Amino acid sequence: MSPYMLASLPVFSFLLTYFLVPPLARRMSRRGIVGEDIHKLDRPKIPEMCGLSLWPSTLIPLIFLSLLDPPRAHFYLALFSAVVVAGCIGVRDDLKPLNPKVKPALTAAAGIPILLLSAYSPSPHLPFIGGTRLTIVYPFLVLIALAVTSNAVNMMDVFNGVMPGTCAIVTFTAFITLLVLRRTTEAALPLILLGGLLAFYLFNRYPARVFAGDSGSLFVGAALGSIAIIGRIEIVMIVALMPHIMNAYYGLSSIGRLYERREVEERPTVMLPDGRIDATKFRGAPITLTRLILAQGPLDEKAVARFMAALTAASCLLAVLTIFLIPGMVR
Amino acid sequence: MRRLVPLLLLLVSGWFFLIVSSFLILKLLFQLPTALEGVNLIALNVLRAAAGVLMLILWLWVWRYQTRLYFVKAMRRRGLSLE
């Protein structure tokens, strides 16, 4: 793929998302699809489901690339189908919340197109070990990976700008990794997502004017999982997504089961009268990443989001470092 | 910035344990039992997979333990105890 083509992909997805968000937000407001911004004192109503703006900016370039590069069309179509499946589950969850036990199972189904189109290689590269052969286990890992990434990104979408901000950092890391590995064709995939995420960040950053909703966060999470599998950079992406995985795992392990934010009685954080957020001292509340950050004292929302971005940037540095510990990966 | 340090340490320790686990898998499961390969390849592969899962569980448990310990200590330092 030519460098000009590679450079034009994020520009296209950035512009498309940038111009799609405002009319979409107006439409959502008119239809009453709004969510309360619970981390503000006045609790403003913000248009929900605006993550839908990321759909065309990701899907149109994928269709274009599959027409342009037929031998690799199955890769593009696998990503296309995986994100559409996860996104549709997100839409359903936004309109009518799904059972917390059913949602991960449904999001795992986003991995089925990758399996059906054989857009994976069952030989992940591990640090020190190099290429391994997991012919039987790998297809199951694909399903688990899609469920984990999409739900982990969804669970991290708690503060203004955190989802698009942290995912943009991870996506950029995927792009750099694929460039280092000289897989320029696969490098186009994170670039497409990156453009859209950056444009969306401008609207979702503090103070947020739009919310992504599950239709956006599950879509982005599934895209990251699919890029890891299709790009054959599984371990690198696991390390880059460590804050997201940490957050989801801490929450799940402290509650002891799959749960939905809405059903947790003892909240992990509390809003102080001065607008800052603090960790609660309830033993039964989930120990999320936010609660860990706030364990040392209260912070405002913007600072918490900055902490999350800093942790993601650190994990992405570790991810890049990990590439050099994998034998035979960098030629 | 100061409050970022313990969280970064948690992150780095999680990463370090992942790397060490890979190294142990290599040394204990890929290099040592090569002599057994002729005897029973299936059994060896089952053993490798089981050990991998065991390391994953151990990784998650250590991570959870460290996190809980940090959280309780940080709250206690502020004079707050979990109720």
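**Exercise 1. What radius of gyration would a compact globule of 331 residues have, and what does chain A have?**

*Solution.* Keep in mind as you work that this is a predicted model.
- Step 1: Start from the chain length. A compact globule with 331 residues would have a radius of gyration near 20 Å.
- Step 2: Chain A has 19 Å, which agrees.
- Step 3: The C-alpha trace of chain A spans about 55 × 45 × 30 Å along its principal axes.
- Step 4: Look inside. Of the 331 residues in chain A, 53% are buried. Take the contacts in chain A between residues at least 6 apart in sequence: 75% of them join residues at least 24 apart.

**Exercise 2. Follow helix 1 of chain A from its length to its surroundings.**

*Solution.* 
- Step 1: Count and multiply. Helix 1 covers residues 3–30, which is 28 residues. At 1.5 Å a residue these should span 40 Å, and the end C-alpha atoms are 42 Å apart, so the two agree.
- Step 2: Look for a bend. Helix 1 of chain A has a kink of about 30° at Val21(A), shortly before the proline Pro22(A).
- Step 3: Pick out the buried residues. Among them are Leu9(A), Ser13(A), Leu16(A), Leu20(A) and Val21(A).
- Step 4: Find what lies over them. The cover on the buried residues of helix 1 includes strand 1 (34–36), strand 2 (45–47), helix 2 (54–68) and helix 8 of chain A.
- Step 5: See what comes next. Gly32(A), which follows helix 1 of chain A, has a positive phi near 80°.

**Exercise 3. Which residues have the most contacts inside the largest nonpolar core?**

*Solution.* 
- Step 1: Name them. They are Leu79(A), Ala82(A) and Leu224(A), in a core of 115 residues.
- Step 2: Ask which element gives the most to this core. That is helix 8 (residues 184–204) of chain A, with 11 residues.
- Step 3: Zoom in on Leu224(A). Beyond its neighbours within four places in sequence, its contacts include Thr149(A), Val153(A), Cys167(A) and Met237(A).
- Step 4: Connect this to a wider pattern. In soluble globular proteins, nonpolar side chains tend to be buried together.

**Exercise 4. How many residues of chain B are in contact with chain A, and of what kinds are they?**

*Solution.* 
- Step 1: Count each side. On chain B there are 26 residues in contact with 27 residues of chain A.
- Step 2: Find the main contributor. Helix 1 of chain B gives the most to this side, with 12 residues.
- Step 3: Sort by kind. The chain B side divides into 17 nonpolar, four polar and five charged residues.

Notes. Residues numbered from 1 in each chain as written. Chains lettered and ligands numbered in written order. Predicted model: local features only at pLDDT ≥ 70, side-chain atom pairs only at ≥ 80, totals over all residues. Core = buried A, V, L, I, M, F, W, Y, C linked by C-beta atoms within 7 Å. Buried ≥ 20, exposed ≤ 12 C-beta atoms within 10 Å, placed from the backbone. Helix = DSSP H or I, 4+ residues; strand = E, 2+ residues; numbered from the N terminus. Contact = placed C-beta atoms within 7 Å. Nonpolar A, V, L, I, M, F, W, Y, C, P; charged D, E, K, R; others polar. Rg over C-alpha atoms; globule rule 2.2 N^0.38 Å. Expected span 1.5 Å × (residues − 1). Bend = angle between axes of the 7 residues up to and from the residue.
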